[in-house]
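Please look through the sequence and the structure shown here before reading on. The paragraphs that follow take up a pocket and then a pair of packed helices.

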Amino acid sequence: MSDGDYGVMDTLAGLADDSALAELRRQRPDVVKHLQGSDKVIFSPQDDGGLPRAERAAAALRVATLLRDPVLSEHYRARLAPLDPEGTLARSVEGGARITEVRWDAILAHVDLVTRGPGSAERKDIDNLLAAGLSSHAVVSLSQLIAYVNFQSRVLAGLRMLKGAA
């Protein structure tokens, strides 16, 4: 694994390449490798399965916004920008505009539900996504994305705390 493979999380956590914490992360190369691999599969899949890259980036921005993580939000805002040149999805995620589309409303409602209270999600919530036109593949992809960004936020919080303690 090259040093460049450590990039996203180290950059988001503000870790210098030569820091003790970056070195500590390199002692668990499988964890780093799988986290990087998850990022690639979730946000740059070979087959989007009915959940386009722009919607993926916008949903991730929504999760980061709900988690009040400004660094993670900026990361996904930058990732979304080239996929959403008009900024329509970004504004809808951050409250500046409303897209009146059943599909997008269902995606945002699901992101909000699972991020704020995953224990309250029920079968009917999946049915709402399917009824809004998402394929089963898209529902699984959206669920993986929500879980990944929530996990990513927690890892970043831990790295930032450790960085502050170092």
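This is a predicted model: local features need pLDDT of at least 70, side-chain atom pairs count only at pLDDT 80 or more; totals for chains, interfaces and linings use all residues.

Sorted by class, the residues that line the largest pocket comprise 9 nonpolar, 1 polar and 2 charged.

The second feature to follow is a helix pair. Two packed helices are described by the angle between their axes and the distance between the axes. Helix H4, which covers residues 53-66, packs with helix H5, residues 70-80, at an angle of about 165°, and the axes of the two are 8 Å apart. Because angles over 145 degrees count as roughly antiparallel, H4 is described as roughly antiparallel to H5. The crossing that H4 and H5 form is left-handed.

On the H4 side, the contact is made by Ala54, Ala57, Ala58, Ala60, Leu61, Ala64 and Thr65, while H5 brings Leu72, Ser73, Tyr76, Arg77, Arg79 and Leu80 to the contact. Taken by class, the contact of H4 with H5 has 9 nonpolar residues, together with 2 polar and 2 charged ones.

How values were computed:
Residues are numbered from 1 along each chain as its sequence is written. Side-chain values use heavy atoms; hydrogens and water are left out. Axes are lines fitted to C-alpha atoms, for helices over the stretch in contact, and angles run from 0 to 180 degrees between N-to-C directions. Helices (H or I, at least four residues) and strands (E, at least two) are DSSP runs, numbered from the N terminus. Angles under 35 degrees count as roughly parallel, over 145 as roughly antiparallel, 65 to 115 as roughly perpendicular and the rest as oblique. A crossing is left-handed if the near helix is turned anticlockwise from the far one by less than a right angle, and right-handed if clockwise. Contact means heavy atoms within 4.5 Å. Ala, Val, Leu, Ile, Met, Phe, Trp, Tyr, Cys and Pro count as nonpolar, Asp, Glu, Lys and Arg as charged, and the others, Gly among them, as polar.
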